[in-house]
Amino acid sequence: MRRTAAYLSAQLKRVLRLLPLQIVVGIVICICVSIPAAALVMRGAGEGQERYRIGLVGDVSDSYLGFGFAALQTVDDSRLMIEMIEMSEAEAEEALSRGELTAVVQVPEAFLDSVIYGRNDTNVTCMLPSGQTQLGSTVMGEIADVASTLVTASQSAIYGMQRTLYEQGGADQVGPETDQLNLMLINLVLSRSGFSDVEVLGYADGLSLEAYYFCRLLLLVLLLAGLSGAVFFLYRKTALAAMMKAGGVGALAQIAGEYLAYLGFLCAGFLLPALLLTIGLKREVFSLPEWAGMGARPFLAILPFFTAAAAMFAAFQLFLCELADGIVNGLLLQLICGVGMGYLSGYFYPAAFFSERLRRVGALLPTGAAARLVEDGFLVRNTGGAAAVVFVWLAVFLLLAAAIRRRRILRG
Amino acid sequence: MNVFNFLLRGWLIQKRLLGKYSFLLLLVLPLLFAAGLGRFAKEESGIASIALHLPENDPVADQVGEKLLGRESVFRFLSCASKEEALELVETGEADAAWLFSDEMEEALRELARKRRVRPLVKVVERRDSVPLILAREVLSAAVYPAFSYAVYESYVVEELGFAELDKETIHRTYESAAVSGSLFQMVYPDGSTGETEDFHYLQAPLRGILAIWLTFLGIVAALFFMQDEERGVYGRLSGIRRFFAFYGVGTMFLLDGTVILLLCCRLGGVFTNFWREVVCAAVFACCVLAFSNLLRLLSRKPKWLGTLLLPLGAAMLALCPVFFELQYFRAGKLLLPPWYYLYAVHDDFYLYGMAVYAAALILASVVLQWLQSRIGS
Amino acid sequence: MRTAAEMPAKIAIEVRGVRKAYGKKQVLADVSFSAVSGQCVGILGGNGSGKSTLFSILAGVRRVDNGSFFYQGTDLLRHAGRIPKILGYVPQTDPLMEELSAWDNLRMWHDKETLVRELAEGALKLLEIDGFLKKPVRKMSGGMRKRLSIACAVASRPGILVLDEPSAALDLVCKENIIRYLTAYKEAGGIVLLSTHDVQDLTLCDACYILKEGSLRSYVYDGNFHRLAEAL
């Protein structure tokens with residue numbers, strides 16, 4: 001027991017030696033957190049603010065088209081969701097390549113004629129960013145479907161009316177009746193949101209999107225923080241493990257000692273970011289809808305849950321580094337497992353986006369368990385169940401790490 | 001060194017790498033992830049879940065229901081037998097919204113069409129309003145509108161045009177004969193292609209980005225591996241420029257495995273486009289990653305410092321490259337990251353050439369740096 | 001250095017029928033030998049002959065398939081918990097924490113009082129540790145590392161010291177220093193077991209064995225290096 005304590009003490013001394021580096025890491029973490037946070041703020045992740053920006057290219061000088069696009073920007077409900085910006089083709093392509101637009105809509109000259117005469121043989125081109133297909137591109141497809149349905153259903157009604165007139169001998173009335181029905185349908189299309197009566201219940205039992213990403217982003221940083229912990233595992237020696245074993249300190253005691261020191265090492269790296277977050281919240285530099293006007297108190301209240309998550313992630317990182325033969329492979333394992341598990345547990349896209357089964361898998365993973373614990377803590381719910389799952393994962397990782405260490409000692 | 005020697009050394013490095021079970025694990029894990037994602041993406045999911053309650057035996061409700069439930073969508077629709085069931089799903093958080101349709105949809109729609117008015121036909125109950133739910137309501141409007149526009153047409157023909165003697169069937173037949181269908185929009189990428197794969201799902205979207213980051217890290221791992229060997233004196237007898245080539249040899253072996261896995265993952269995950277396009281993009285990307293890792297190796301000089309770079313580099317790649325979202329700012333930062341070029345190059349030659357130029361610039365920079373370091377060293 | 005008075009008056013060890021296999025490969029077939037207080041037993045053998053396996057088994061690091069290691073009548077392989085107090089083990093590669101100084105590494109094994117005393121007049125003085133006490137391990141030479149490793153191992157004042165190739169890749173001065181220490185350790189009544197490739201170490205040994213094909217065979221070094229090489 002005395003030697004186990006001495007081993008822990010030696011590991012803590014190592015941590016102290018590495019502390020200056022860890023302070024640098026703390027600063028790096030601040031930058032790491034602030035980049036995606038700034039990204040989310042700049043994107044206007046706050047609900048109701050984010051809109052799909054669409055560049056409009058082509059000749060819209062025609063009175064019909066001009067009226068249509070003006071209506072889209074002023075009276076149509078889609079203005080809450082889409083921002084149309086008229087620009088030249090070169091400007092649009094440049095803006096699209098810079099990621100400033102979700103898509104560029106190109107209206108060909110013959111489009112209006114094609115619609116008016118019901119040929120529909122000229123398509124509006126919707127150019128998507130050249131990168132891999134993303135959610136924004138998929139959503140663009142949905143918007144295009146909606147627009148197509150509204151136009152083609154209106155066209156069908158107008159052409160049906162025109163054909164009736166031709167068939168019933170009222171060809172001379174076609175012009176004025178078309179105008180009248182057309183205006184009527186435009187009016188009805190513009191007021192289509194009136195088909196639904198919306199009642200918003202509020203989010204009393206769930207996190208706001210801002211709070212959701214606040215929690216997940218911090219958890220993601222904790223999860224990937226092991227990448228900066230490389231230096232802790234850099235000089236791992238089997239000979240030391242063997243000598244400790246000969247000296248009466250078994251694999252589990254060794255792992256426990258290293259784990260506690262490593263946890264301290266990671267926590268030291270998070271002191272600065274936590275302090276900055278506290279100051280930021282206290283001075284109301286930023287806030288979350290749920291914490292408006294409450295300062296840093298709620299953040300300090302959920303800090304223990306983040307610490308518990310960090311404790312489990314530290315065990316996970318230790319396990320992966322023990323599993324990998326060499327620190328280099330250990331780091332890459334941490335990255336692939338961290339990003340993969342984080343993705344499945346909704347650290348990037350909200351978990352609600354996934355299928356039921358995938359959500360269940362994501363929730364069972366250590367990342368999901370940590371997210372649930374923090375979420376329960378955030379919403380001041382009973383955290384017992386989630387804490388137990390986190391603890392079980394922590395224990396599993398430590399036991400697995402100890403089993404691997406034991407095997408390493410036995411094999412030499 | 002002749003070709004045989006070169007191949008032999010390459011094979012020996014491969015043997016060393018593939019002999020490590022954790023390296024094999026590193027190659028297998030992305031494959032499992034991609035295959036799992038490809039499979040799970042086919043399951044029912046959506047950016048918002050909507051509980052639907054449609055009245056029974058109502059032709060309009062049936063038509064709307066068919067439009068909503070019978071199509072591919074980014075939304076997940078849950079059909080509910082009663083309004084209470086739909087509301088419960090919202091209250092428990094299983095659905096983001098409930099759409100409760102009027103009991104007499106057909107009658108109500110005809111009445112509105114006759115009056116040329118739009119009035120609520122659907123009660124929408126939401127947990128919290130959001131952009132996805134606004135979009136969902138647009139989808140709802142688009143589902144209701146065809147039936148409504150038809151009702152408007154019907155009443156217009158009878159009441160405004162005065163053809164009251166026409167029976168419903170004739171009116172319907174005339175409408176059908178003139179009806180227009182199809183999409184007015186065509187989705188294209190700058191290279192003219194129309195989409196990655198037919199069965200592409202938005203959940204698969206980040207796969208290529210994750211793999212690109214993974215390959216970049218594999219390059220850096222190659223640099224760490226090489227630096228550790230350097231510390232052991234493995235390359236002690238090699239002069240500056242020879243050591244430079246030695247790194248490229250070792251790195252190529254790492255990235256050869258990685259590139260094959262990347263291509264396989266794209267195939268398994270359902271984001272594979274054109275064979276040659278993929279191969280060329282991946283090959284240029286691997287070269288770019290190799291040059292990037294070499295420059296980082298030369299700049300950091302010690303494994304400890306290169307290791308410390310991993311976290312900020314990972315965060316920068318996740319934030320600046322279009323993996324999960326597209327950031328409109330920090331363009332200068334994006335230009336420094338190889339995955340950013342790769343993710344655009346898949347659909348755009350401009351970025352493919354850009355990536356090649358960037359790789360050449362990196363190689364040039366590292367040659368200069370290596371030369372400077374060897375001069376200072378000597 | 002522990003004095004002879006502090007050690008049990010007369011200690012004896014007996015290794016009997018030790019067997020160990022890795023899969024189908026029998027590394028140790030039937031290894032037996034014995035030693036008494038003040039004796040040094042040298043185990044010679046080629047690379048991969050099983051010397052390190054044998055020593056790690058005796059140190060309680062690896063498990064034995066069969067056999068016994070008696071110390072004062074107690075089979076230590078059945079009572080592995082007693083090994084740390086009886087035996088000091090120095091592995092082939094250094095078991096030191098790179099970021100820490102010699103003092104910090106020693107503190108992991110010694111309490112402060114013992115350390116001060118040993119540095120002043122005991123084992124650590126003989127090993128000349130005080131010359132680099134504050135130096136971080138990563139800046140130490142091979143000789144310093146080896147001496148420090150031995151210093152760590154003798155912390156529990158063991159009656160038996162097991163050293164796996166203690167003089168490998170060391171300079172003459174350093175080897176001499178280690179041999180001087182081990183001689184003093186023997187004289188104080190301790191038993192030294194060492195594996196070696198170095199004929200210089202054999203001057204320390206009272207009994208030599210060659211480990212070949214899993215079995216031990218007694219050997220007397222007559223100063224002829226070629227004959228020794230052939231025997232290995």
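**Figure 1. R192(A) and E138(B) form a salt bridge across two chains of a predicted model.** The closest N and O atoms of R192(A) and E138(B) are 2.8 Å apart; a salt bridge is taken as a side-chain nitrogen of Lys or Arg within 4 Å of a carboxyl oxygen of Asp or Glu. Three salt bridges are found by this rule across the interface of chain A and chain B. The contact, defined by heavy atoms within 4.5 Å, takes 126 residues from chain A and 124 residues from chain B. About 11800 Å² is buried between chain A and chain B, with carbon and sulfur atoms giving 68% of that area; buried area is the accessible area (1.4 Å probe) that two parts lose on being put together, summed over both. Residues are numbered from 1 along each chain as its sequence is written, chains are lettered from A and ligands numbered from 1 in the order in which they are written. In this predicted model, local features need pLDDT of at least 70 and side-chain atom pairs count only at pLDDT 80 or more, while totals for chains, interfaces and linings use all residues, and side-chain values use heavy atoms, with hydrogens and water left out.

**Figure 2. K123(B) and D197(A) pair between strands of two chains.** Their side chains meet in a salt bridge at 3.8 Å, N to O. K123(B) belongs to strand β4 (residues 122–126) of chain B, and D197(A) to strand β5 (residues 196–200) of chain A; helices (H or I, at least four residues) and strands (E, at least two) are DSSP runs, numbered from the N terminus. K123(B) is partly exposed at 31% relative accessibility, and D197(A) is partly exposed at 36%. Here buried means under 20% relative accessible area, exposed over 50%, and partly exposed in between (1.4 Å probe, protein chains only).

Figure 3. The side chains of R110(B) and E154(B) meet at 2.4 Å, N to O, in a salt bridge. R110(B) is partly exposed at 28% relative accessibility, whereas E154(B) is buried at 8%. Another salt bridge joins the side chains of E111(B) and K115(B), at 3.3 Å, N to O. E111(B) is partly exposed, with a relative accessible area of 28%, and K115(B) is partly exposed at 44%.

**Figure 4. A network of salt bridges links chain A and chain C.** The linked residues are K237(A), D94(C), E98(C) and R145(C). Over all chains, the structure holds 29 salt bridges.

**Figure 5. A nonpolar patch lies on the surface of chain A.** I23(A), I27(A), I31(A), L272(A), L275(A), L276(A) and I279(A) form this patch, with about 600 Å² of accessible area together. Patches are made of residues with over 30% relative accessible area and no salt bridge, like charges being joined within 9 Å and nonpolar side chains (Val, Leu, Ile, Met, Phe, Trp, Tyr) within 5 Å; accessible areas come from the Shrake-Rupley method with a 1.4 Å probe, and for residues only the protein chains shown count as cover. Helices α1 (2–43) and α10 (251–282) of chain A each supply at least two residues, and α10(A) gives the most, with four. L276(A), found in helix α10 of chain A, is partly exposed at 45% relative accessibility.
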